[in-house]
Amino acid sequence: MMRYEGNERLADETACAGVRADLKMCLLESDCCKMGKTPRQCLQDNNVPSECQVLRNTFYECKRSLLDNRQRFRGRKGY
């Protein structure tokens, strides 16, 4: 999870924004993206570190929980 100093906050305050930002930074720092590929290509080729795979699954679960009516009582997944 990204750490912010002082009063720094994400510009995006929507649901799952923190997970999205962490996934984006993880993908951009991966070796695949440093070789010139886009993050989407790296995800499609499954050529990303396991940390990014975990964040991708967490982001998926967070987005899925927005559509699940049972989550109204349990709360959103993610952070």
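Read along the sequence, the chain follows the pattern α-α-α-α-α, and its secondary structure comes to 5 helices and 0 strands. Helices (H or I, at least four residues) and strands (E, at least two) are DSSP runs, numbered from the N terminus. This is a predicted model, in which local features need pLDDT of at least 70 and side-chain atom pairs count only at pLDDT 80 or more, while totals for chains, interfaces and linings use all residues. Residues are numbered from 1 along each chain as its sequence is written, and side-chain values use heavy atoms, with hydrogens and water left out.

Let's take the chain as a whole. Of its 79 residues, 28% are buried, where buried means under 20% relative accessible area, exposed over 50% and partly exposed in between (1.4 Å probe, protein chains only). Contact means heavy atoms within 4.5 Å; among contacts between residues at least 6 apart in sequence, 44% join residues at least 24 apart.

Now to helix H1. Its 12 residues (residues 17-28) should span 16 Å at 1.5 Å a residue, and its end C-alpha atoms are 16 Å apart, which agrees; the expected span is 1.5 Å times one less than the number of residues. The buried residues of H1 are Ala-17, Gly-18, Val-19, Ala-21, Asp-22, Leu-23, Cys-26 and Leu-27. Their cover includes helix H2 (31-34), helix H3 (39-44) and helix H4 (50-67).

How do H1 and H4 meet? Their axes come within 9 Å and cross at roughly 155°, the axes being lines fitted to C-alpha atoms over the stretch in contact, with angles from 0 to 180 degrees between N-to-C directions. That makes H1 roughly antiparallel to H4, a label for angles over 145 degrees. H1 contributes Val-19, Arg-20, Asp-22, Leu-23, Cys-26 and Leu-27 to the contact, and H4 contributes Glu-51, Cys-52, Leu-55, Arg-56, Thr-58, Phe-59 and Lys-63. These residues divide into 7 nonpolar, 1 polar and 5 charged, with Ala, Val, Leu, Ile, Met, Phe, Trp, Tyr, Cys and Pro counted as nonpolar, Asp, Glu, Lys and Arg as charged, and the others, Gly among them, as polar.

Finally, some backbone angles. Most residues other than glycine have a negative phi. Cys-16, in the segment before H1, has a positive phi of about 70° although it is not a glycine, and at 2% relative accessibility Cys-16 counts as buried. Asn-46, in the loop between H3 and H4, has a positive phi near 60°, and Asn-46 is exposed, with a relative accessible area of 52%.

Key: Angles under 35 degrees count as roughly parallel, over 145 as roughly antiparallel, 65 to 115 as roughly perpendicular and the rest as oblique.
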